[in-house]
Amino acid sequence: MNQKLIDLAVERGRLIERISNQRQLLDQQLQPVGQALDAVDRVVATVRKGADCVKRNPEVVIAGVAVLVIVQPRRIWRWSKRGFVLWRSWRLLQQQLSRYGLLKRP
């Protein structure tokens, strides 16, 4: 009977070691899934943050829709491009001025 207990303990040890190896393998195999889920969590958090902002400021959404209805979409696109070019030019100018020490950036 003593030998039976020893055999059971040895078998238990083998099973515990096998389980440990399987857990490590599973952890390695699921690592990309975990990274993808982290990215999804960040996207969901950003969407929720945006939805909360819209809920707090519905007048901004209404104003945006009104602007889209009143002004032609072609005109909005044209002014958006101009605004983007202006913004990029300003950023480039700031970088150049700070590079030469003419502008202190925080």
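What radius of gyration does the protein have, and what value would a compact globule of 106 residues have? In this predicted model, the protein has a radius of gyration of 30 Å, whereas a compact globule of 106 residues would have one near 13 Å. Along the principal axes, the C-alpha atoms fill a box of roughly 90 × 45 × 25 Å.

The secondary structure consists of three helices and zero strands, and the order of the elements from the N terminus is α-α-α. Helix α1 comprises residues 2–56, helix α2 residues 58–70, and helix α3 residues 73–99. Confidence in the model averages a pLDDT of 88 for the protein, and 97% of the residues score at least 70. Among the elements, the highest mean pLDDT, 93, belongs to helix α1, and the lowest, 83, to helix α2.

Burial and surface were examined next. Of the 106 residues of the protein, 1% count as buried. The accessible surface comes to about 10,300 Å², and carbon and sulfur atoms account for 63% of this area. The protein carries 20 positive and 8 negative charges, and the mean positions of the two sets are 22 Å apart.

Two residues of helix α1 illustrate its course through the model. Lys49 lies in this helix and is exposed, because its relative accessible area of 64% is over the 50% cut-off. Between Lys49 and Leu8, which are 41 residues apart along the chain, the C-alpha separation is 56 Å. Cys53 is likewise placed in helix α1. With a relative accessible area of 35%, Cys53 falls between the limits of 20% and 50% and therefore counts as partly exposed. The C-alpha atoms of Cys53 and Leu8 are 62 Å apart in space, with a sequence separation of 45 residues.

Helix α3 was considered in terms of its length and of one of its residues. Trp87 lies in helix α3. From Trp87 to Gly50, the distance is 23 Å, C-alpha to C-alpha, and the two residues are 37 positions apart in sequence. After α3 comes Gly101, which has a positive phi, near 80°.

In summary, the predicted model contains three helices and zero strands, has a radius of gyration of 30 Å, and has 1% of its residues counted as buried.

Definitions and conventions. Residues numbered from 1 in each chain as written. Predicted model: local features only at pLDDT ≥ 70, side-chain atom pairs only at ≥ 80, totals over all residues. Heavy atoms only, no water. Helix = DSSP H or I, 4+ residues; strand = E, 2+ residues; numbered from the N terminus. Rg over C-alpha atoms; globule rule 2.2 N^0.38 Å. Buried < 20%, exposed > 50% of the residue type's maximum accessible area, 1.4 Å probe, protein only. Areas by Shrake-Rupley, 256 points an atom, 1.4 Å probe, with all protein chains shown as cover. Lys, Arg positive; Asp, Glu negative; His and termini not counted. Charge placed at Lys NZ, Arg CZ, Asp CG, Glu CD. pLDDT = per-residue confidence, 0-100.
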